[in-house]
Amino acid sequence: MRNLSAALVLIICVPLCGCAEKNIKEYSETVFAMDTVMDLKVYAQNDQVLSDAETEIRRIEKLLDRGNYRSDIYKINKYKSAEISDETAYVINCALEISERTGGAFDITISPVMDLWGFYNSEFNVPQSEQIKQALECVGYDKVDLDGNSISIPDGTAIDLGGAGKGYTSDRIAELLKSENVNSGIISLGGNVQAIGRKPDGSLWTVGIADPLDKSGYIGTLKVIDKAVITSGSYQRYFEYDGKIYHHIIDPETGVSAESGLLSVTVISESGIKADCLSTALFVLGLDKSIELWKNSSDFEAVFVDDDGVIYVTKGINSSFESDNDYIVIE
Ligand code: AMP
Ligand code: MG
């Protein structure tokens, strides 16, 4: 993540009519942070809440960015042992919990493998299998020793919170906005959406789920209140070599882009960080293992698109999902 404050675009919208509460107007802003375009829309009494949200986004970006020498993650990766903030410890703890729940499909120590494939500097290459094997020796969430605010990892191991950071950020922004009396809003961090309350007219927010085969289109929409809707997909970041696509979601067992038969997974949860970690993990696990996990859980729902473009929707959100396509409901 680079410091891209110069790229901030601020759009204050002209007041909207029709808001029930007095002096409540629509304000929106686009922020470029965490290598992504973030769209924030709130119904509030003034635009100060948006400036506060932007400040918060930049604060979290600094905390979790592995490339920023002042961040906790940079410190951990450089010194292998560090004292970290409560907040970073919380994020790492949540990530480790999802690692446990998914049998290591989600693993924040995937960093050496990401590096090997060139995902950090965009100098992509296909490594030799021996190189992958060596990098994998440093991967394993059980290598992370976190005790309160003290953390240590072995030499060669490094942490990457790329699969969790945006979800955590959306949780924090939702909390901040609510503490500033915003009862209605919607934020999209590079397509990862957090709905705050309902729309001002009392109806539910509509969130489109991107079509992995046509990024400009949608496979369907979801109606939500106070939920995070987070998608992981092989279409989001990839390179092509010798006619083969290599994407940014790595299977920690093989050290290669996950080929689990899925093109995208969208997770819907009250917790943004959970939805973020889970969407990445379910992508690695594939449909059958994900369904098994969903059946034993009560804290998320999901929409899957498989390699043939077939859509699967878990029962709990079936009634909020609308699509022109046929889809299969997972019971
Ligand atoms: P997401 O877009 O949320 O699915 O996260 C993908 C990002 O998470 C990648 O760009 C990496 O930074 C990181 N990542 C890749 N594979 C994994 C994995 N198996 N577990 C945890 N993080 C991963
Ligand atoms: Mg994720």
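Residues are numbered from 1 along each chain as its sequence is written, while chains are lettered from A and ligands numbered from 1 in the order in which they are written. In this predicted model, local features need pLDDT of at least 70, side-chain atom pairs count only at pLDDT 80 or more, and totals for chains, interfaces and linings use all residues; side-chain values use heavy atoms, with hydrogens and water left out.

User: Which residues coordinate the magnesium ion (ligand 2)?

Analyst: Donors are N, O and S atoms within 2.8 Å of the metal (3.2 Å for Na, K and Ca), and sites may look incomplete because water is not among the atoms. Here the distances run from 2.0 to 2.5 Å. The coordinating atoms come from Gly-163 (O), Asp-276 (O and OD) and Thr-280 (OG1).

User: Are Gly-163 and Asp-276 buried or exposed?

Analyst: Buried means under 20% relative accessible area, exposed over 50%, and partly exposed in between (1.4 Å probe, protein chains only). By that rule, both Gly-163 and Asp-276 are buried.

User: At what angle do helix H1 (residues 48-64) and H6 pack?

Analyst: Two packed helices are described by the angle between their axes and the distance between the axes. Axes are lines fitted to C-alpha atoms, for helices over the stretch in contact, and angles run from 0 to 180 degrees between N-to-C directions. The axes of H1 and H6 are 10 Å apart, and the angle is about 150°.

User: How many residues of the contact of H1 with H6 are nonpolar, polar and charged?

Analyst: Contact means heavy atoms within 4.5 Å. Among the H1 residues are Ile-57 and Ile-60, which meet a set in H6 including Tyr-168 and Leu-176. Ala, Val, Leu, Ile, Met, Phe, Trp, Tyr, Cys and Pro count as nonpolar, Asp, Glu, Lys and Arg as charged, and the others, Gly among them, as polar. The contact has nine nonpolar, two polar and three charged.

User: How many aromatic pairs does a search of the whole structure find?

Analyst: Rings of Phe, Tyr and Trp (its six-membered ring) pair if their centres lie within 6.5 Å; planes under 30 degrees apart count as stacked, over 60 as edge-to-face and the rest as tilted. The search finds nine.

User: What kind of pair do the rings of Phe-119 and Phe-124 make?

Analyst: Phe-119 is buried at 2% relative accessibility. Phe-124 is partly exposed at 30%. Their ring centres are 5.3 Å apart and their planes lie at 65°, so the pair is edge-to-face.

User: Where is Lys-80 found?

Analyst: Lys-80 has a positive phi of about 65° although it is not a glycine. Lys-80 counts as buried, at 16% relative accessibility. Its place is the loop between helix H2 (72-79) and strand S3 (81-83).

User: Is Asn-181 buried or exposed?

Analyst: Asn-181 also has a positive phi of about 65° without being a glycine. Asn-181 lies in the loop between H6 and strand S6 (184-189). With a relative accessible area of 64%, Asn-181 is exposed.

Conventions
Helices (H or I, at least four residues) and strands (E, at least two) are DSSP runs, numbered from the N terminus.
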